[in-house]
Amino acid sequence: QVQLVESGGGLVQAGGSLRLSCAASGRTFSSSRMGWFRQAPGKERAFVGAITWSSGRTFYADSVKGRLTISKDNAKNTVYLQMNSLKPEDTATYYCAAGDVGGTYNYWGQGTQVTVSS
């Protein structure tokens with residue numbers, strides 16, 4: 001019912017920046033929030049942050065506060081993840097997901113790779 005497509009990943013040096021995009025289509029009105037997750041090599045999938053469609057409230061994992069910022073464009077049904085001061089430990093596949101009001105994420109994108117070199 002909801003399709004999500006991430007883009008913007010790539011290779012960047014430590015200290016650099018990247019901006020990831022997640023374009024949503026379908027029944028986007030059924031989702032309350034959009035979340036960003038990441039999975040590093042050999043690690044479990046981890047929550048990065050989220051934003052609500054209605055008010056734009058944001059929530060972040062402690063590990064990324066101050067460096068990563070989530071924003072949205074309702075007219076384009078797109079959410080963004082601005083990544084600054086990147087560190088090698090930020091290297092991961094990044095996924096966006098559509099969630100309900102209770103924080104359950106039902107739809108996921110295919111992921112985009114971010115690699116940060118030292």
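Mentor: Start with Phe37, then. Its relative accessibility is 8%.

Trainee: Why is Phe37 called buried?

Mentor: Buried means under 20% relative accessible area, exposed means over 50%, and partly exposed lies in between (1.4 Å probe, protein chains only). Phe37 has 8%, so Phe37 counts as buried. This is a predicted model: local features need pLDDT of at least 70, side-chain atom pairs count only at pLDDT 80 or more, and totals for chains, interfaces and linings use all residues. Residues are numbered from 1 along each chain as its sequence is written, and side-chain values use heavy atoms, with hydrogens and water left out.

Trainee: Is Phe47 buried or partly exposed?

Mentor: Partly exposed, because its relative accessible area is 34%. Across the protein, 42% of the 118 residues count as buried.

Trainee: What makes Phe37 and Phe47 an edge-to-face aromatic pair?

Mentor: Rings of Phe, Tyr and Trp (its six-membered ring) pair if their centres lie within 6.5 Å; planes under 30 degrees apart are stacked, over 60 edge-to-face, the rest tilted. By this rule there are four aromatic pairs. Phe37 and Phe47 are 5.5 Å apart centre to centre, with 70° between the planes, and form an edge-to-face pair. The pair links distant parts of the chain: Phe37 is in strand β4 (residues 33-39) and Phe47 in strand β5 (residues 46-52), ten residues apart. Strands here are DSSP runs of E, at least two residues, and helices are runs of H or I, at least four, numbered from the N terminus.

Trainee: Which residues form the aromatic cluster?

Mentor: Phe37, Phe47, Tyr105 and Trp108.

Trainee: How do you know that Arg45 lies over the face of Phe37?

Mentor: The rule wants NZ of Lys or CZ of Arg within 6 Å of the ring centre and within 35 degrees of the ring normal. Arg45 lies over the face of Phe37, at 5.8 Å from the ring centre. Arg19 lies over the face of Tyr80, at 3.9 Å.

Trainee: Why do β9 and β10 count as paired?

Mentor: Two strands pair if DSSP finds at least two bridges between them. Strand β9 (residues 92-99) and strand β10 (residues 105-108) have three, in the antiparallel sense. Gly99 has Tyr105 in β10 as its bridge partner.
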